[in-house]
Amino acid sequence: MTVVFCYIPGDGSHHVHNVSDSIDTAHRYGQATGDTIEEPTYITPGSDEGGGNDDDEDAAHSTPHAPTHGMRFESFKYAKEHYRAYAERKGFGIRIDWGHFANDAEYDRVNIVCTCAGKPHKKKEAEISQNPKSVVPTRKYNTHPRTGCKARMYLKRKDAWYHVEDFDDEHNHPLILKPSLTRFSHRGIPPEEQVFLRMLHACNIPTSRQMQLMAQFYGGLSEVPYIAKDVSNLRAKFRNEHNHHDMQDTLEYFAKIHNDDPDFFVKISLDEECRVQSIFWVDGAARRAYKSFSDCISFDTTYLTNRYKMPCAPFIGINNHGLSIQLGCGFVRNELKNSFVWLFKMFLEAMGGVQPKSIITDQDTAMKEAIKVVFTDAIHRNCRWHVMQNATERIGPFMGKNPELLAAFNACVNNSLTLEEFEKNWMDMINLYGVKDNIDLFSIWKERKCWVPAYFMHAFFPFLQTTARSEGFNAVLKRYINPKNSIFDFLKQYMAIQDKINNAEEKAEAETALTDPPFWSRNPMERKMAKLYTRNIFYKF
């Protein structure tokens, strides 16, 4: 039985049908996806073309008859499918033994045999001596036994029809008698379901979840005519579609975006051998948003976003709703100073030379040096979380043994409002607890101007002291993107994330414009602020 997954637009329902019972619905599915599903046609000897009893035809589809000499089929696909369905009912597998192609790249002669046909392959002594067994364990693969089975169906094309010239149904091996096991020897993903699985793959839905979804459509995992490995192989095929022309497809996609968005900006850097070493792009909406929200950006790199292991470097900003926005993204070959200098220069070029007022990064030295070269007017701050994490590795055990010193350290960092107050509290702390000569504490104090809040009271870092915005965006990337993706696939997913961000911003704008917040008092100042601030920012106060 061939099963077709059908989604019928308009009624919001999903159905699974026998093809013979729902050709109409299958046609509608084909129109929705661009594929047309046709009803198989075959004629048995002695029947009239186009004639026959409808009941007999339905029975033929549900219980395939054994092929007979003279039976003809409209296409090779239908002939093979008929023999496959018959073989599945009888309990054996089939494969193409050999075939001869005509000038139109279609078979004109083809021999389909049982999977047990042929002689077992035995390695010759010369092969064994030239290829000795490896000491390292090799992967084991299951193989079909070859018993010399004579069962076959030989087809020949005449007048655009495929005729059964010879059919042998004698087997010299046991057949599979349990119906639930025959599906494993006739696995295959129908073309219309491949279209649906491609959509799931584009949403980065894992293989196990895809199989769970298809099991719901089929009514059980045992009813699905393929296994998780088949879906995994299909997904690998999708990923490999851009193997040899990834950058060509990426450039064409950039050109397509530019046609739809004239403000789209992209730059590519090549090495001496004309290989891509860096990419930067930003869409028109982000460039326009930067004019209003250039006060502060968060910058960080992340791995595991593409098959080339190129670090991904997104620029993240904050809009008037307190939401993270994408202000561009890049790929660099490595995390060296020169790579970041090129990336920051491209960012400046895209943004009309307007430097960010503030930028927050982790403690990467190459980023720090590149910011000094390009963002000369920006206030650079290190992520406090990263600083404290690195500090914990060095002084964690020491502080754990001195809880009072730890409390004094946290109070000094968190509660000092001015530079003078911080310096005084620090000196009092190290003198009181006798840690003036502690090298690790001294190294933390030496870097104080890069992360201690008191040194940034004059700068605008809206609701952040860490690169949590970048880390959060990187986490979203990992949900949307597979590490084996091409650059082309990454770019499509990146644009999908951009659509999600735009939708969230529109939702926040609608909430601010169409609703009223709950008030805590009757103070007119509170109502005035509710009109001045966006809803998300109002709730923060």
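## Around helix α3

Just after α3, glycine 91 takes a positive phi of about 105°. Helices here are DSSP runs of H or I with at least four residues, strands are runs of E with at least two, and both are numbered from the N terminus. This is a predicted model, in which local features need pLDDT of at least 70 and side-chain atom pairs count only at pLDDT 80 or more, while totals for chains, interfaces and linings use all residues. Residues are numbered from 1 along each chain as its sequence is written, and side-chain values use heavy atoms, with hydrogens and water left out.

Buried means under 20% relative accessible area, exposed means over 50%, and partly exposed lies in between, using a 1.4 Å probe and protein chains only.

## The protein as a whole

The protein has 20 helices and 15 strands. Of its 541 residues, 43% are buried. Taking contacts (heavy atoms within 4.5 Å) with a separation of 6 or more, 60% come from residues 24 or more positions apart.

## Two nonpolar cores

A nonpolar core is a set of buried Ala, Val, Leu, Ile, Met, Phe, Trp, Tyr and Cys residues joined through side-chain atoms within 4.5 Å. Which residues have the most contacts inside the largest core? They are Phe280 and Trp281, in a core of 54 residues. Helix α11 (residues 337–350) supplies the largest share of this core, nine residues. Apart from it lies another core of 26 residues, among them Ile318, Ala391, Trp451 and Tyr455.

Leaving aside neighbours within four places in sequence, tryptophan 281 touches residues including Phe254, Phe264, Phe331, Phe490 and Tyr494. As general background, nonpolar side chains tend to be buried together in soluble globular proteins.

## Helices that pack together

Helix α14 (residues 403–415) and helix α15 (residues 419–432) pack at an angle of about 170°, with their axes 9 Å apart. Axes are lines fitted to C-alpha atoms, for helices over the stretch in contact, and angles run from 0 to 180 degrees between N-to-C directions.

Helix α8 (residues 228–239) has twelve residues and reaches 17 Å from its first C-alpha to its last, close to the 16 Å expected. Asp230, Val231, Leu234, Arg235, Phe238 and Arg239 are its buried residues, and they pack against α6 (191–202), α7 (207–218) and α18 (487–514). Glutamine 212 lies in α7 and is partly exposed, at 46% relative accessible area. Between glutamine 212 and alanine 228 there are 9.6 Å in space, C-alpha to C-alpha, and the two are 16 residues apart in sequence.

## Loops with positive phi

Most residues other than glycine have a negative phi. Aspartate 159, in the loop between β7 (152–158) and β8 (161–168), has a positive phi near 55°. Lysine 309, in the loop between β11 (296–299) and β12 (312–318), has a positive phi of about 60°. Aspartate 159 is exposed at 74% relative accessibility, and lysine 309 is exposed at 67%.

Technical notes: The expected span of a helix is 1.5 Å times one less than its number of residues.
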